[in-house]
Amino acid sequence: MNKNTDFFRIVPFLYVIIGPVWIIGTDYFLAVFNLSDEQILFFDTIKGFLFVFLTAILLFVLINKLRDSKQIEEEKEKLSFLIDTMPDFVSFKDGEGKWLQINKFGAQLFELEGIDYKGKTDKEMAEYTDFYHDALIYCIETDEEAWKVGKVSRCEEIIPLRNGSNKIFDAFKVPIFNNDGSRKGLVVIGREITALKEAERKLIQSEKMSALGELSAGIAHEIRNPLAIIKGYLQMGQEKTIKLDEHINLLVTEIDRINSIVNELLMIAKPTDMLLENNNINKIVREVVQLFSIEASKQQTKINVNDLDQFHTYCNESKLKQVFINILKNALEAITTNGEINISIYEKDENYIGIKIEDNGCGMEESHLQHIGDPFYSLKEKGIGLGMTVSHSIIEAHKGSIKITSQVNIGTSIEVLLPKLNDSL
């Protein structure tokens with residue numbers, strides 16, 4: 001019951017005290033003024049009517065207030081019943097962290113049924129249960145974090161059970177402040193998501209197995225072809241239909257192809273630690289361009305480099321060269337003849353360097369573009385489909401990114417972003 005209701009409960013007692021005082025006091029004052037009998041009768045009548053009138057008003061207000069209080073109590077009971085029947089953890093605390101209310105779900109969860117929790121802190125409540133002692137103490141830390149944030153905060157909380165399992169809750173903490181900024185109360189609502197988390201785990205595991213199956217199928221397909229060639233030539237050598245000495249180079253090439261597939265797979269599955277050093281990215285790009293100068297000249301393709309400024313980044317030089325070699329090789333293969341490749345090195349923003357490689361080759365359709373980087377996906381007749389997968393892996397290890405755009409019969413643009421060193425050398 002609130003203070004307002006308590007006040008109106010004592011009003012009848014005040015009325016019993018004030019009533020006689022009013023009657024005796026007014027009679028005394030009428031006697032002091034030595035009035036005539038007619039005047040005394042008149043004032044007595046007025047006094048009586050005034051007393052009745054004020055009494056009526058007092059009774060009217062009192063009845064209405066008690067009716068409102070009763071309705072408030074009924075609404076409170078309904079709200080408490082609603083909170084108790086919720087399948088979520090719900091608790092209310094005051095600004096000092098003292099418990100005001102907790103629903104049945106929460107009381108059962110922390111084994112606090114039948115315990116007088118009102119006015120107690122988490123630390124005091126922890127003394128009632130050894131098993132949940134640490135969990136309740138941890139609530140003090142998370143509550144304080146919610147107060148510091150000053151708005152609705154969300155976190156996952158794990159509550160241990162006696163059977164050795166855990167319950168996971170998606171917890172919302174709502175701090176409430178007074179007008180002067182002081183702490184008023186804290187509402188905590190926790191929804192159990194144990195089943196949801198388990199479903200997510202199984203889904204992720206299922207996706208991993210599906211990806212593993214696709215990867216295994218790709219590996220089998222890519223390795224089966226060179227193995228079939230090697231086996232065929234060896235069988236023909238056994239049957240003396242060919243001389244193996246004349247085909248050794250072919251067999252070695254196919255074995256190298258298998259070895260290349262295995263090496264690139266190992267790089268994707270278990271990338272080795274890379275030594276990063278301060279390097280000039282302009283120098284690395286220009287050295288790669290020099291490697292392709294003869295091949296580009298043969299197919300009458302120009303490679304233009306636009307780098308007005310010099311940029312440095314922490315990187316592994318050989319790995320970055322591998323990325324740019326793969327990109328330039330793809331660009332040249334996309335151009336039949338009389339093509340052009342433009343390379344720009346620029347400051348993307350205050351944190352990143354941009355290296356954009358644009359060609360005017362055949363380009364790609366959107367349906368193909370979205371699969372570039374997927375293992376064993378290649379548009380080339382003899383492509384392994386691991387080049388861009390490895391390139392993505394290398395750039396991600398450098399904390400960078402690769403963005404590819406392309407249009408059929410117009411060309412392809414690949415933008416590589418790498419972290420920039422603030423102090424250029």
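**Close-up 1. A hairpin joins β9 to β10 through four residues.** Welcome to this predicted model; let's begin at this turn. Strand β9 covers residues 340-347 and strand β10 covers residues 352-359, and the two pair in the antiparallel sense. Seven bridges hold the count for this pairing. To find your way, look for Ile-343, which stands opposite Ile-357 in β10.

**Close-up 2. Strand β10 is also joined to strand β12.** Stay with β10 and look for β12, made of residues 411-419. Eight bridges join β10 and β12, and these strands run antiparallel. Ile-357 is a handy landmark here too: its bridge partner in β12 is Ile-414. As background, strands of a sheet pair through backbone hydrogen bonds, either parallel or antiparallel.

**Close-up 3. Five strands form an open sheet.** Follow the strands in the order β2-β1-β5-β4-β3, where the pairing is antiparallel. Which strands lie at the edges? They are β2 (99-102) and β3 (153-160), each of which pairs on one side only. On average, neighbouring strands of this sheet are turned by 25° against each other, direction ignored.

**Close-up 4. Phe-105 and Phe-169 form an aromatic pair.** A search of the whole structure finds four aromatic pairs, and one of them is shown here. The ring centres of Phe-105 and Phe-169 are 6.1 Å apart and the ring planes stand at 75°, so the pair is edge-to-face. This pair links distant parts of the chain: Phe-105 belongs to helix α3 (residues 104-109), while Phe-169 belongs to strand β4 (residues 166-177), 64 residues apart. Are these two residues buried or exposed? Both Phe-105 and Phe-169 are buried.

**Close-up 5. Four residues make a nonpolar surface patch.** Tyr-28, Phe-29, Val-32 and Phe-33 together make this patch of about 500 Å². Where does Phe-33 lie? Phe-33 is in the loop between α1 (3-32) and α2 (37-85). Phe-33 counts as exposed because its relative accessibility is 59%, and exposed residues are those over 50%. Compare this view with the previous one: Phe-33 is exposed, whereas Phe-105 and Phe-169 are buried.

How values were computed: Residues are numbered from 1 along each chain as its sequence is written. This is a predicted model: local features need pLDDT of at least 70, side-chain atom pairs count only at pLDDT 80 or more; totals for chains, interfaces and linings use all residues. Side-chain values use heavy atoms; hydrogens and water are left out. Patches are made of residues with over 30% relative accessible area and no salt bridge: like charges are joined within 9 Å, nonpolar side chains (Val, Leu, Ile, Met, Phe, Trp, Tyr) within 5 Å. Accessible areas come from the Shrake-Rupley method with a 1.4 Å probe; for residues, only the protein chains shown count as cover. A salt bridge is a side-chain nitrogen of Lys or Arg within 4 Å of a carboxyl oxygen of Asp or Glu. Buried means under 20% relative accessible area, exposed over 50%, partly exposed in between (1.4 Å probe, protein chains only). Two strands pair if DSSP finds at least two bridges between them. Rings of Phe, Tyr and Trp (its six-membered ring) pair if their centres lie within 6.5 Å; planes under 30 degrees apart count as stacked, over 60 as edge-to-face and the rest as tilted. Axes are lines fitted to C-alpha atoms, for helices over the stretch in contact, and angles run from 0 to 180 degrees between N-to-C directions.
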